[in-house]
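Please report on the contacts inside this protein model. Cover the helices, rings and charged side chains.

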Amino acid sequence: MLTRVLLLLYCVFLARCKEHHTSKRQVDDQKCSYQVTGYLDDCTCDIETIQDFNNKKLFPKIQELLESDYFRYYKVNLKKPCPFWSDNSHCGLRDCAVQPCKPYTMEANVISQHDRDCEKAEKLGAVNNSLSEETKQAVLDWTRHDDSTDNFCEVDDEHSPDAEYVDLLLNPERYTGYKGPEAWKIWNSIYEENCFKPNSIRRPFNPLLPGREWNKLSISGLCLEKRSFYRAVSGLHTSINIHLSARYLLQDTWYKRKWGHNITEFKQRFDAQITKGEGPRRLRNLYFLYLIELRALAKVLPYFERSTFQLYTGNNAQDTKNKKLLLEILQLAKSFPFPFDEHSLFAGEKKEAENLKEEFRLHFKNISKIMDCVGCFKCRLWGKLQTQGLGTALKILFSEKQIKNLPDSGPSQRFHLKRQDTVALLNAFGRISTSIWELQNFTELLEAVQ
């Protein structure tokens, strides 16, 4: 009898142990499904080092800088026509070419679900371009203060009557309701027509559908330059999706509008199980882009260190404070122990390397043009700013000799950044930095609900 009792207790003990280990493994699997760790491909750095460096050191400083007047105002033309196809955007623009948002009238007595979606998307995607008269006069003075120069990527004509200053703090990057075939057409054009990729990729190319993105073997079949280009664009796409998930419209009623983290949306885009392994690769590309832009900040330090350079707004005390903070950020970027090695790019035979660099440049310039096809004012605003910021970062990485030979005073004919380049560069990096910071927030939220 005693033997039977002991045997029964032993069986119960084994079952409990098995249940405990199974539960623990399921929790670990769920935790691993949305986290990325370890070393990055094509880099000498691990993700944990980047997270710690960004979240504890760099992120607070960059946020403080971007709240200053010099960096919060960005001049942009949101009315440029799409150069590639007729504009049939999803209601984000005031003048939709196809399926315009019809105003509700009492005579109609009914409003379709499409029109409701259109009206909602138009409101969420509208840009607040209101500036005080004092601010308008100030930015005119700033423009006169700047020198002119050629730009690396396609940028707006600042003298166009359609170009206007926008307060970025009044127009945060967040969910706008812009989605569906029109939004996918933008990203499909970027990846399909303007990204280096293996010929074996099935068309049309949809980078967020499970099982349709490159696998590691496919990417390794490309040279470093082409891999880097794709990973930078993928990292930018990832960053945008993180912001949409982190500032999602959770509640929209006549008396209250609540924005916050949408865990379901985040998991839909990045969970390893849901995306069949693609989500973590997208997140790794975000860290790769971070290293590229961080390296650009470190390389451009001599340009901003010159005594004649000013972050001019007319407020001498604030301008001096802003320049000091900017230099602290750039020095911090320079101190990062495992930087991206830009010298590994275009390091082959000279003529071939130059041809590849020009192809690289033209591909990116085309992507910057596609931003004028985005059918949502707010999405277009942040798309144009971030592509100009990344384009400026690439220009810096490709201009090492020119930066080293900068004169201490007076304008440089070989390397120069306009105000818009500087504003875009720092704001674009601020978006990437915020994305990495938000990943920590999502990690904590997901752990709390498990």
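Predicted model: local features only at pLDDT ≥ 70, side-chain atom pairs only at ≥ 80, totals over all residues.

Residues are numbered from 1 along each chain as its sequence is written, and side-chain values use heavy atoms, with hydrogens and water left out.

**Helix α14 and its surroundings**

Helices (H or I, at least four residues) and strands (E, at least two) are DSSP runs, numbered from the N terminus. Helix α14 covers residues 377-397, 21 residues in total. From first C-alpha to last it reaches 30 Å, close to the 30 Å expected at 1.5 Å a residue. The expected span is 1.5 Å times one less than the number of residues.

Buried means under 20% relative accessible area, exposed over 50%, and partly exposed in between (1.4 Å probe, protein chains only). In α14, 20 of the 21 residues are buried, so the helix is largely enclosed by the rest of the structure.

L297 sits in helix α10. Its relative accessible area is 0%, so L297 is buried. L297 and A393 are 96 residues apart in sequence, yet 7.6 Å apart in space, C-alpha to C-alpha.

**Aromatic rings**

Rings of Phe, Tyr and Trp (its six-membered ring) pair if their centres lie within 6.5 Å; planes under 30 degrees apart count as stacked, over 60 as edge-to-face and the rest as tilted. The count by this rule is 18 aromatic pairs.

One of them joins F53 and F336 edge-to-face, at 4.9 Å centre to centre and 65° between the planes. F53 lies in helix α2 (residues 47-66) and F336 in the loop between α12 (316-334) and α13 (350-370), so this pair ties together parts that are 283 residues apart in sequence. F53 is buried at 6% relative accessible area. F336 is buried too, at 3%.

F360 and F398 form another edge-to-face pair, with 5.9 Å between centres and 80° between planes. This pair links distant parts of the chain: F360 is in helix α13, and F398 is in the loop between α14 and α15 (400-404), 38 residues apart. F360 is buried, with a relative accessible area of 5%. F398 counts as partly exposed, at 21% relative accessibility.

Y303, F304, F309 and F415 form one aromatic cluster.

Some rings also carry a charge over the face. The rule asks for NZ of Lys or CZ of Arg within 6 Å of the ring centre and within 35 degrees of the ring normal. The charged end of K395 sits over the ring of F415, 5.5 Å from its centre. R431 lies over the face of W382, 5.2 Å from the ring centre.

**Salt bridges**

A salt bridge is a side-chain nitrogen of Lys or Arg within 4 Å of a carboxyl oxygen of Asp or Glu. The whole structure holds 14 salt bridges. The table gives some of them.

| Pair | N to O distance |
|---|---|
| R72 and D167 | 2.6 Å |
| E342 and R295 | 2.8 Å |
| D372 and K384 | 2.6 Å |

R72 lies in helix α3 (residues 69-72) and D167 in strand β2 (residues 163-167), so their bridge ties together parts that are 95 residues apart in sequence. R72 and D167 are both buried.

E342 is in the loop between α12 and α13, and R295 is in helix α10, so this bridge ties together parts 47 residues apart in sequence. Burial applies to both E342 and R295.

D372 lies in the loop between α13 and α14 and K384 in helix α14, so the pair ties together parts 12 residues apart in sequence. D372 is buried, at 5% relative accessible area. K384 counts as buried, at 7% relative accessibility.

Salt bridges that share partners join R295, K299, E342, E400 and K404 into one network.

Which side chain of opposite charge is nearest to D271? Lys and Arg count as positive and Asp and Glu as negative; His and the chain ends are not counted. The nearest is K267, 4.8 Å away. D271 is buried yet has no salt bridge.

D271 lies in the loop between α9 (263-270) and α10 (278-299). The side chain of D271 reaches the backbone nitrogen of I274 at 3.0 Å.

Methods
Polar contact = N/O pair within 3.5 Å; in protein donor to acceptor, adjacent residues only side chain to side chain.
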